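Thanks for asking me to look this one over. I have put my remarks into numbered points so that you can follow them with the viewer open.

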Amino acid sequence: MAWTSEDWFNLACELIPGGVNSPVRAYRSVGGMPFFVEQAAGSRIRDVEGKEYVDYVGSWGPMILGHAHPAVVTAIAEAAARGTSYGAPTPGEVEMAMLLVETFPSIEKVRLVSSGTEAVMSAIRLARGFTGREKILKFEGCYHGHADSLLVKAGSGVATFGIPGSPGVPKELAALTITVPFNNQVALEAALAAHGDELACVIVEPVPGNMGVVLPKPGFLETLREATRERAILLIFDEVISGFRVAWGGWQTVTDIAPDLTCLGKIIGGGLPVGAFGGRADIMDHLAPAGPVYQAGTLSGNPLAMAAGLATLRILQENAEHYESLDRKTFSLCFDLKTLFDEKGIPVTINRSGSLFTVFFTANPVTDFAMAAKSDTEAYARWFRGMLERGISLPPSQFEACFVSFAHTDEDFERTLTACRETLAAW
Ligand SMILES: *Cc1c(COP(=O)(O)O)cnc(C)c1O
């Protein structure tokens, strides 16, 4: 007898804390247990019991082309046949760096690492080393990976489980992290007035995806750019999700705001572990071995990750106009979902940026974490379970984004809407 997801999960729980290697994979906030994956292709993911789902998690962002895209699989296989890691530089790293520098006007030099967390952690250290200042400012509900300084009022799993910070983060370190509500210009200006000349950097997800999707109010990021420049504070855009997701490039290429440093990850690794941070050359040259700020990695710029990432990015670049159709089809899906909820009189607010969206179970607009936190998480859990039962895999948390890929078809959307209609009929 083949093992069920439940069998695997029970064994996993004996061996791995909570049975998962990242808390966002757990179903604790929605009830039940995660399905264990056998394989995935395109928009569909199949569990070990043979049940297939339309997938809106997409590995939390990287799979913009859909799962197991043939060009990406081939690139990985060819790279693997040439060796999986050397501890010495490769042309693939330079090609990736060139592509990023050409695409992002604010990036003059870039360093490649193995995760988004590592990219952000290193960018913060660089900002501190460059400015000689120790404090940093982040926004409530933004998630920047799990490095100590950034696990303060963070989004994603931290928000899902209602943890304000994390045990294990020294309070002396947490005290150096100032937090401000997103989209709140008054609070921002007050914080800058109070801490301005001690701040090394302000870090922000320009389109937050980790408290659910929230859009920046017009002018908010522009003001942030001006205010940080005036005080010689470095501005870091964490585009680990938004990079190559909301457009070819990132939010900054859509809006023409130039941060000093940018963090990338997810899509640029095509589904393999990757991260990158880059920006002004005068800042980046402070990194070892060019400068004194230390940063290193055994597997940094890994050849398989470069191959998968480059294959993905080249397809996106050649089909950059397809972002528009991705945008349009996600708009339609959100519009149709909203109609179904409206017909049942269930209050929801759907926020969307390109192919990212979140159905918040609240009647209010959601513009920051406090508003997101007012959502009815019980109702989200009910919707999630109804959809899962009907073959639709959504993020197992109210405070995460749904991801639509180029591989999602009209048939996938029909299935999704039918599942939603049935779920709400049984509400
Ligand atoms: C996912 C994410 C990270 C962390 O990346 P990992 O690869 O999970 O370490 C950082 N910032 C943002 C905005 C993210 O969405």
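This is a predicted model: local features need pLDDT of at least 70, side-chain atom pairs count only at pLDDT 80 or more; totals for chains, interfaces and linings use all residues.

1. Let's start at the ligand. Its surroundings are made up of Ser115, Gly116, Thr117, Tyr143, His144, Gly145, Glu205, Asn210, Asp238, Val240, Ile241 and Lys266.

2. Next, the pair H2 and H11. Helix H2 covers residues 70-81, and helix H11 covers 303-318. Their axes lie 8 Å apart, and the packing angle is about 150 degrees. Angles over 145 degrees count as roughly antiparallel, so H2 is roughly antiparallel to H11. The crossing of H2 past H11 is right-handed. On the H2 side, the contact involves Ala71, Val72, Ala75, Ile76, Ala79 and Ala80, which meet Pro303, Leu304, Ala307, Ala308, Ala311, Thr312 and Ile315 of H11. By class, these residues comprise 12 nonpolar, 1 polar and no charged.

3. Helix H15 (residues 410-425) takes part in two pairings, and the one with helix H14 (residues 377-389) has a packing angle of about 125 degrees with axes 9 Å apart. H14 and H15 are therefore oblique to each other. H14 passes H15 in a right-handed crossing. Arg382, Trp383, Gly386 and Met387 contribute from H14, while Thr416, Ala419, Cys420, Thr423 and Leu424 contribute from H15. That contact between H14 and H15 contains 5 nonpolar, 3 polar and 1 charged.

4. What angle do H12 and H15 make where they cross? The value is roughly 15 degrees, with the axes of H12 (residues 322-344) and H15 coming within 10 Å. The two helices are therefore roughly parallel to each other, and their crossing is right-handed. H12 brings Lys329, Leu333, Asp336, Leu337, Leu340, Phe341 and Lys344 to the contact, and H15 brings Phe413, Thr416, Leu417, Cys420, Arg421, Leu424 and Ala425. The tally for H12 with H15 is 9 nonpolar, 1 polar and 4 charged.

5. Finally, two backbone spots to check in your viewer. Most residues other than glycine have a negative phi, and most peptide bonds are trans. Ser59 has a positive phi of about 55 degrees although it is not a glycine. You will find Ser59 in the loop between strand E3 (52-55) and helix H2. The peptide bond joining Ala288 and Pro289 is cis, with omega about 5 degrees. Pro289 belongs to the loop that runs between helix H10 (281-284) and helix H11.

Conventions:
Residues are numbered from 1 along each chain as its sequence is written. Side-chain values use heavy atoms; hydrogens and water are left out. Axes are lines fitted to C-alpha atoms, for helices over the stretch in contact, and angles run from 0 to 180 degrees between N-to-C directions. Helices (H or I, at least four residues) and strands (E, at least two) are DSSP runs, numbered from the N terminus. Angles under 35 degrees count as roughly parallel, over 145 as roughly antiparallel, 65 to 115 as roughly perpendicular and the rest as oblique. A crossing is left-handed if the near helix is turned anticlockwise from the far one by less than a right angle, and right-handed if clockwise. Contact means heavy atoms within 4.5 Å. Ala, Val, Leu, Ile, Met, Phe, Trp, Tyr, Cys and Pro count as nonpolar, Asp, Glu, Lys and Arg as charged, and the others, Gly among them, as polar. A residue is near a molecule or strand if one of its heavy atoms lies within 4 Å of it.
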